Amino acid sequence: MSQPPIGRRERNRQEKLARIKDAAVRLLSTTPYDDITTQELADEADVATGTFFRYINSKSDLLISVFSDRIQDGLDLAATLHAEGAKPIDSIMALVTPFGEFTKKMPANAVAYQRAVQFGPPDSPVRIEALRRVASFGRFIKGVLKDYCDKHPDSPRVDLNVAAHCIYATMNLDVVQVAVGHTEAEDQLVTTRHNVSYLLDVFLKGKSSHNTGI
């Protein structure tokens, strides 16, 4: 059944919210988050400050929302690739590719995002949704591993919950390594692919060769 058409009011709401988010991306790509004011965000989006706060509760919520959209892009891309029969490494890496490419442009502001997600108001709906999206990574990874094992009954018997947790934790740590300056943002996706490939070889093939085809 097709979805009913969106009403004019909802369409206008979505368009204004998109304008505000686009304005945030433009400013975040050139300016540290802490130096950006809500007035500058409103001006860049060409909306009144009062209008800005009708759509966004706080500057922190806007930061989380902008980065969380890239996490959702990764979830959507990963699901599509997995449904099309992509290799586990490609499906799993798709989870973090949009976020990784985005943070290359603003690694310092990615740190601000992580701080906002970890320590922001516990009742913020935007923060709660961002945490829900990140938490779904583990479930998706487990699903990819299960499908592979179902298709390859000769693969080692592993605890899929543990395996998915290890892969997710490694991917998350690679993001943190960029945040604390131990890894260059430009190198993050290459490093993560190398690390995840190694783990997939261990869990799905029972060996630790880096020349994975999984």
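Visitor: What share of the contacts in the protein chain with a separation of 6 or more comes from residues 24 or more positions apart?
Guide: A contact here means heavy atoms within 4.5 Å. This is a predicted model, where local features need pLDDT of at least 70, side-chain atom pairs count only at pLDDT 80 or more, and totals for chains, interfaces and linings use all residues. Residues are numbered from 1 along each chain as its sequence is written, and side-chain values use heavy atoms, with hydrogens and water left out. For residues 24 or more positions apart, the share of those contacts is 66%.

Visitor: How much of the protein chain counts as buried?
Guide: Buried means under 20% relative accessible area, exposed means over 50%, and partly exposed sits in between, with a 1.4 Å probe and protein chains only. The chain has 214 residues, and its C-alpha atoms fill a box of roughly 60 × 50 × 25 Å along the principal axes. Of those residues, the buried part is 40%.

Visitor: How far does helix H10 reach from its first C-alpha to its last?
Guide: H10 takes in residues 188-205, which makes 18 residues.

Visitor: Which helices are included in what covers the buried residues of H10?
Guide: The buried residues of H10 include Leu189, Val196, Leu200 and Phe203. An α-helix has 3.6 residues a turn, so residues three or four places apart point the same way. The cover for the buried residues of H10 includes H5 (88-94), H6 (97-104), H8 (125-151) and H9 (160-179).

Visitor: Which residues form one aromatic cluster?
Guide: Rings of Phe, Tyr and Trp (its six-membered ring) pair if their centres lie within 6.5 Å; planes under 30 degrees apart are stacked, over 60 edge-to-face, and the rest tilted. The structure holds six such pairs, and one of them, phenylalanine 67 with tyrosine 113, is stacked at 5.0 Å centre to centre and 20° between the planes. That pair links helix H4 (residues 59-83) to helix H7 (residues 107-119), across 46 residues, and both partners are buried. The cluster is Phe67, Phe99, Phe102 and Tyr113.

How values were computed. Helix = DSSP H or I, 4+ residues; strand = E, 2+ residues; numbered from the N terminus. Expected span 1.5 Å × (residues − 1).
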